[in-house]
Amino acid sequence: MQAWQVHENGEPSEVMRLAEVEPPTPGDGQVLLRVRAANINFPDALLCRGQYQVRPPLPFTPGVEICAETEDGRRVIANPALPYGGFAEYAVADARALLPAPDSLDDAEAAALHIGYQTGWFGLHRRAHLEAGETLLVHAAAGGVGSAAVQLGKAAGATVIGVVGGAEKAAVARELGCDVVVDRRGDDVVAAVKEATGGRGADVIYDPVGGEAYAQSAKLVAFEGRIVVVGFASGGIPSPALNHALVKNYSILGLHWGLYATKNPKLIGHCHEELTGLAARGAIKPLVSERVPLGEAATAVQKVADGRSTGRIAVVMEGAA
């Protein structure tokens with residue numbers, strides 16, 4: 001089979017190599033899956049760079065989110081078990097963690113209804129308890145993680161403010177349903193959000209960026225608001241001033257979605273049922289901005305690594321839906 005492999009750490013376009021290899025052999029409790037579509041996530045870039053919290057042995061195949069087909073013909077969503085990731089014709093995954101792919105979505109969309117949307121659902125509902133009528137601010141609102149949070153916020157009845165970088169991403173955020181869009185490249189984010197909220201700020205702030213975005217969040221969170229820390233795509237890990245949280249009565253909430261797989265896996269299944277229902281009603285629909293063949297995966301991963309993408313880029317196999 002064909003598979004992209006990383007033999008040394010570095011930039012994705014430099015270290016990912018397409019090779020002809022033997023299909024992986026499933027271990028205990030694992031199943032072999034024929035990959036139909038694999039979505040590119042920022043962690044794929046971090047894996048290539050050797051900067052992710054999980055460091056699989058070299059060589060490995062990146063690709064942490066797939067829609068695939070089981071040997072008995074079922075269409076499923078899975079997180080491949082590294083080192084046999086999704087940028088290949090076949091991958092392996094934990095049999096107990098397979099989720100049914102929604103009939104309402106094609107293969108690329110179904111693959112994208114996993115990490116980003118599960119993270120968004122857990123962040124907004126399990127951690128922040130977002131309520132209808134509240135104001136939600138989403139950093140990087142046109143990206144893969146941010147776009148999911150925007151749609152989930154709108155589905156929950158919130159007013160959504162999206163912060164983006166550039167006119168193209170601003171247009172995408174508006175199409176996603178943001179009530180207010182702030183372009184950090186041309187707008188004063190703090191002033192714009194305060195104006196949009198009458199000086200009150202946002203009840204919930206969803207931050208996959210860190211760095212300067214978190215500093216803005218601390219200035220913009222409302223009384224008894226909640227800042228959900230999802231990641232640090234900017235590369236900057238902030239050190240919050242806890243006295244500030246005390247003075248303004250707000251909460252700082254961490255979210256590492258992957259922990260639920262071991263701490264409370266039943267919640268992942270419940271979340272998937274909720275997401276499947278929302279997708280069936282058309283309340284959410286993953287934004288797949290590009291679909292590329294397997295041979296272009298390295299270039300596409302680099303594009304995500306450089307922050308030049310919107311929504312998700314999907315690697316789609318020949319014959320996929």
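Guide: In this predicted model, ring pairs join Trp-121, Phe-122 and Tyr-260 into a cluster, and the count of aromatic pairs comes to two.

Visitor: What makes the pair of Trp-121 and Phe-122 edge-to-face?

Guide: A pair of aromatic rings is described by the distance of the centres and the angle of the planes. For Trp-121 and Phe-122 the centres are 5.3 Å apart and the planes stand at 80°; pairing asks for centres within 6.5 Å and edge-to-face for planes over 60 degrees apart, so the pair is edge-to-face.

Visitor: Why is the pair of Phe-122 and Tyr-260 called tilted?

Guide: The centre-to-centre distance of Phe-122 and Tyr-260 is 4.2 Å, with 35° between the planes. Planes under 30 degrees apart would count as stacked and those over 60 as edge-to-face, the rest being tilted, and therefore the pair of Phe-122 and Tyr-260 is tilted. This pair also links distant parts of the chain, since Phe-122 belongs to helix H4 and Tyr-260 to helix H10 (residues 260-263), 138 residues apart.

Visitor: How do you know whether Trp-121 is buried or exposed?

Guide: Trp-121 has 11% relative accessibility, and buried means under 20%, so Trp-121 counts as buried. Phe-122, at 0%, counts as buried by that cut-off, and Tyr-260 is buried as well.

Visitor: Why are H4 and H11 described as roughly perpendicular?

Guide: Helix H4 (residues 115-127) and helix H11 (residues 265-280) pack at an angle of about 100°, their axes being 10 Å apart. Angles of 65 to 115 degrees count as roughly perpendicular, and therefore H4 and H11 are described in that way. On the H4 side the contact includes Trp-121 and Phe-122, and among the residues they and their neighbours meet in H11 are Leu-267, Ile-268 and Leu-275. By class, seven nonpolar, three polar and two charged residues make up the contact of H4 with H11.

Visitor: Which residues have the most contacts inside the largest nonpolar core?

Guide: They are Met-16, Phe-122, Leu-136 and Val-315, in a core of 79 residues. A second, separate core has 17 residues, including Val-190 and Ile-227.

Visitor: What makes Cys-67 count as buried?

Guide: Cys-67, found in strand E4 (residues 66-69), has 0% relative accessibility, so Cys-67 counts as buried, the cut-off being under 20%. Beyond four places in sequence, Cys-67 touches residues including Val-35, Val-76 and Ala-110.

How values were computed
Residues are numbered from 1 along each chain as its sequence is written. This is a predicted model: local features need pLDDT of at least 70, side-chain atom pairs count only at pLDDT 80 or more; totals for chains, interfaces and linings use all residues. Side-chain values use heavy atoms; hydrogens and water are left out. A nonpolar core is a set of buried Ala, Val, Leu, Ile, Met, Phe, Trp, Tyr and Cys residues joined through side-chain atoms within 4.5 Å. Buried means under 20% relative accessible area, exposed over 50%, partly exposed in between (1.4 Å probe, protein chains only). Axes are lines fitted to C-alpha atoms, for helices over the stretch in contact, and angles run from 0 to 180 degrees between N-to-C directions. Helices (H or I, at least four residues) and strands (E, at least two) are DSSP runs, numbered from the N terminus. Angles under 35 degrees count as roughly parallel, over 145 as roughly antiparallel, 65 to 115 as roughly perpendicular and the rest as oblique. Contact means heavy atoms within 4.5 Å. Ala, Val, Leu, Ile, Met, Phe, Trp, Tyr, Cys and Pro count as nonpolar, Asp, Glu, Lys and Arg as charged, and the others, Gly among them, as polar. Rings of Phe, Tyr and Trp (its six-membered ring) pair if their centres lie within 6.5 Å; planes under 30 degrees apart count as stacked, over 60 as edge-to-face and the rest as tilted.
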